[in-house]
Amino acid sequence: LTFLRVKAKESGMWSLWGSSLLSEAKMGLSAGESVSGAFENILRSSQLTVSKNMMSNVGVQMLLQSSLWSRLGITYLAWSYCEGFLHSYSRLAPFDDILKISCRSAYLLGQNGQYAEARAKLEQLDPNSLRSLKASQYWLIFRGILQLRQDIHGGNLDSADQLLSQLLQCRGGDPDISFELDTLHIELMVQRGNYEIGRASCRERVW
C-alpha cells in the first residue's frame, strides 16, 4: 500500500492516492495500530477529495470515519456520518456505498435498541439494486446481525446460537462484518455464562 500510495502521488493519480490512504487507515484499524495514524490518513485523503473534487471516494471515506467513531464508542457521531452521507451524497454515489452505509446506520440503530427503525432503514434500499448476489448477501447478513443482537438482548439464546452459526459461515472476508460477529459471539458467551470461552475469544480478537 505504501508503494502504491507513493507511485500514485508521483504520477498524479489522485483517486488512487486517496483510496490507498483510506486502505492504509482501514488496515491499521484492523491490525490494532494507532488511532491517530488512521485519523491522519483519513484527513489526508479528505483533503485530496475536497481539493480534487473526487466524489467517488466520499462514501468509502465516510464509512471508514463512521467505523472509527464507533470503535471509539462515540455511536451518535458514527451514525451521524452515515446519515450525512445518505442525505447529501447518495444521489451521486454507487449503490455499493449506499448499501454499506445504510447497513452501518441500521446496525448503529440496533445498538441503541431501535430495531424497528433499523429494519425500516434496510427496507428503504432499492429492491432492483439488491438483485445481485453480492449485494443481497451483504444485506441479508446485516439483517441477520440485527436479529442476532435482538435475540441476545431479548434472552432468546437458543435462537441466537443457531443464527450465529449460520452467520459465521457466510461472513466472507469483510473485516467490519467479522468484527461485529466476533463481538456478538462474545456477548452471547457472556450471556450464557461461558466466561472462559468469552475470554479466549477476546484474546484471539486482540492478537
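Predicted model: local features only at pLDDT ≥ 70, side-chain atom pairs only at ≥ 80, totals over all residues.
Visitor: Are the axes of α4 and α5 roughly parallel or roughly antiparallel to each other?

Guide: The axes of α4 and α5 lie 7 Å apart and form an angle of about 165 degrees, and their crossing is left-handed. Angles over 145 degrees count as roughly antiparallel. Therefore α4 and α5 are, relative to each other, roughly antiparallel.

Visitor: At roughly what angle do the axes of α5 and α6 cross?

Guide: Helix α5, residues 75-88, meets α6 in a crossing that is left-handed, and the residues of α5 in this contact include W79, C82 and F85, while those of α6 include I98, I101 and L108. By class the contact has nine nonpolar, four polar and three charged residues. The two axes come within 9 Å, and the angle at which they cross is roughly 145 degrees.

Visitor: Which helix gives the largest share of the lining of the largest cavity?

Guide: The largest cavity holds about 60 Å³ of space, and its lining consists of K26, L29, S30, L64, S67, L68, R71, P175 and D176. At least two of the lining residues come from each of α2, α4 and α10. The largest share, four residues, is supplied by α4.

Visitor: How many charged residues are in the lining of the second largest cavity?

Guide: The second largest cavity, with about 40 Å³ of space, is lined by M55, S56, V58, G59, F85, Y89, L92, A93 and D97. By class, this lining has six nonpolar residues and two polar ones, and the number of charged residues is one.

Visitor: Which residues are the closest to the centre of the second largest pocket?

Guide: The second largest pocket has a volume of about 260 Å³, and α2 (14-30), α4 (58-71) and α6 (95-111) each contribute at least two residues to its lining. That lining has five nonpolar, three polar and six charged residues. Of the 14 lining residues, the closest to the centre of the second largest pocket are K26, V60, L63, K100 and D176.

Key
Residues numbered from 1 in each chain as written. Heavy atoms only, no water. 1 Å grid on protein atoms, 1.4 Å probe; cavity = no way out; pocket = protein on both sides within 12 Å on 5 of 7 lines; lining within 4 Å. Points joined across faces, edges and corners; volume = space filled by probe spheres on them. Nonpolar A, V, L, I, M, F, W, Y, C, P; charged D, E, K, R; others polar. Axes fitted to C-alpha atoms, helices over the stretch in contact; angles between N-to-C directions. Left-handed = near helix turned anticlockwise from the far one by under 90°. Contact = heavy atoms within 4.5 Å. Parallel < 35°, antiparallel > 145°, perpendicular 65-115°, else oblique.
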